[in-house]
Amino acid sequence: MKKTSNVPELQEICRTVRRHIVTMITEAKSGHPGGSLSAVEILTTLFFDVLRHDPANPTWPERDRFILSKGHAAPVLYSVMAECGYTPIETLNTLRTIGSIYQGHPDRRYIPALEASTGSLGVGLSLGLGMAEAARLDKSPTRVFVVLGDGEIQEGQIWESAMYGAFHKLDNIVAILDYNRIQLDGWVKDIMELEPLADKWRAFGWHVIEVDGHDVAKLQGAFADAASTKGKPTILMAHTIKGKGVSFMENNPKFHGMAPTKEELAMALKEIG
Amino acid sequence: MAANGKYELKLGAATREAFGKALVELGKENPNVVVCDADLSKSTYTHWFGQEFPDRFFSCGIAESNMVSIGAGMSASGKIAFVASFAAFVMNKGFEQLRVTVAYPRVNLKVVGTHSGISIGEDGPSQMSVEDIGLACSLAGFTVICPSDEVSTFALVKAAAYFDGPVFIRVGRVKVASIYQPGHTFEIGKSIQLTDGNDVTIISHGLMVAEALKAVDVLAAEGIAARVIDMHTVKPIDRDAITKAAKDTGAIAVVEEHFVETGLGVRVAQVVAETHPCIMEFHGVGDCYAESGTPEQVLEKYHMNAAAVVETARRAVRRKSK
């Protein structure tokens, strides 16, 4: 794969990834477009610029680890991994069908290059901490990146892991919160408000970076800031828009877990360009 | 002395202590072994490992869910990771994490539940694990082990460490009778026949194996020759030994310090039903929660003793002769 730090090139990859997402979910007739589209810049910046990984050698022991803890956003992960060369692009549209490697939620049994099988919310940060501990013990340069959903962090296990990461001074792990402010039943503030959220993570001992989660250059800067932060873990609070890139999906709770129609797909593809 | 003088049944160490000793030996022989604990290390005996290998011992605080998934992450990165707590806590509070972060991706994690059964005594039902075998057996791909004494625990913990796949090991708080001599060999999935006999088979694990051996002498005095099998591995279960027992003795009594509806008995019964149906009787913790008391008092009151094993075996023999 060709990695790049060039912002326009990364933005072009983001457009391709968005096209994959809306197309594959339309074909599957089910899936989660909103939270996939909100994480496109985060995952694209990670996989094409930040992460030390090699699709030709997925078991390289010193690779960085990536965990999509909000596993329902599988389409964005599948699209990015396919564009990297881990899996075939031409079968992305088999998403959620019997026998497909593109299972409803990420499944290591079908894609061994995945670091974790996710889908049940709240477990990914703990898994990442275990990988970060193992890397530190092995004196490995491995760093661990975990993408969390905002609704997801209502789970108690997240705060158990938040305590652990700071207490054990794990500075080789970065959590990225896809803070799109919508969960299945509606707006996060109406279901179980998280604010004041940056204060909570700081109180738990984490280095907090607030960033526009759709600004590739700012994300690059935030990941560099995380890498230079020693003695504590970092969380990027990435402010995002659910359904980003498709006007009728943006900030629309309906598209948390509903597939577009064929007509909506045509409109979406036209907007993405 | 029990079982015709063959077994001395002298009081040995608790199986949790044997677990702690095995961890230390594993730590010495393999730098890849790591251990996580949730603020019970002095009770689970993982603190011995922690003292020897502080850089490979991870205190997770009172947060079992997080501990299970951290262990899973370490295992996914190539470590031989053990997570330990009271069986009641690691299995119940960690069950979701065991399902989605260990069993489903088939991560090579070793889970140890101590203070199992009702023999924990004074602490009472909130700490008494009578569901752990059932829960562990419902995790696809898990191997489930319940050793009966110090020697078998030490050997099976070590075997589990080098076994490729997730394992649950159930150990207890109280000192238990020694059954095996040092140097005895144990194989995961292979039960051990401790006495010969063709009138009835008593199948058990954990601290009830010693009670079964004591029961053999009482039954012998009544002219009943009982075969005792230590079924230390509940999953995968030793089908051959069960089928042979059903054919040879025609009656099987299963006794266990566990909720009787979801433990060893139902798993033995499935094999019997599938291979060679015969008379079966079951004894375990009934559909209830026990209470505080000394371990001896609680075991006595809830019939976890040789007398209950004798009665269970007698019932089976009586039904057979009808």
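## Polar contacts between the chains

Across the interface of chain B and chain A there are nine residue pairs in polar contact, both residues at pLDDT 80 or more. A polar contact is a pair of N or O atoms within 3.5 Å; within protein, one must be able to donate a hydrogen and the other to accept it, and residues adjacent in sequence count only if both atoms are side-chain atoms. Strand 3 (57-59), helix 4 (64-76) and helix 6 (95-103) of chain B each supply at least two residues of the side that touches chain A, and helix 4 gives the most, with nine residues. (Helices, H or I of at least four residues, and strands, E of at least two, are DSSP runs numbered from the N terminus.)

This is a predicted model: local features need pLDDT of at least 70, side-chain atom pairs count only at pLDDT 80 or more, and totals for chains, interfaces and linings use all residues. Residues are numbered from 1 along each chain as its sequence is written, chains are lettered from A and ligands numbered from 1 in the order in which they are written, and side-chain values use heavy atoms, with hydrogens and water left out.

In all, 25 residues of chain B are in contact (heavy atoms within 4.5 Å) with 22 residues of chain A. The two chains bury about 1,900 Å² between them, 60% of it on carbon and sulfur atoms. Here, B:Asn66, B:Ser77 and B:Tyr104 supply 27% of the area that chain B buries against chain A, more than any other three residues. Buried area is the accessible area (1.4 Å probe) that two parts lose on being put together, summed over both.

## Two domains within chain B

Now look inside chain B, which is divided into domain 1 (11-177) and domain 2 (192-321); such bounds come from an automatic or database domain assignment. Their C-alpha centres lie 25 Å apart. The domains bury about 2,300 Å² between them, 63% of it on carbon and sulfur atoms. On the domain 1 side, B:Ile118, B:Val130 and B:Cys137 lose the most area to domain 2, together 25% of what that side buries.

Between these domains the count is zero salt bridges, but there are 17 residue pairs in polar contact, both at pLDDT 80 or more.

Terms used. Salt bridge = Lys/Arg side-chain N within 4 Å of Asp/Glu carboxyl O.
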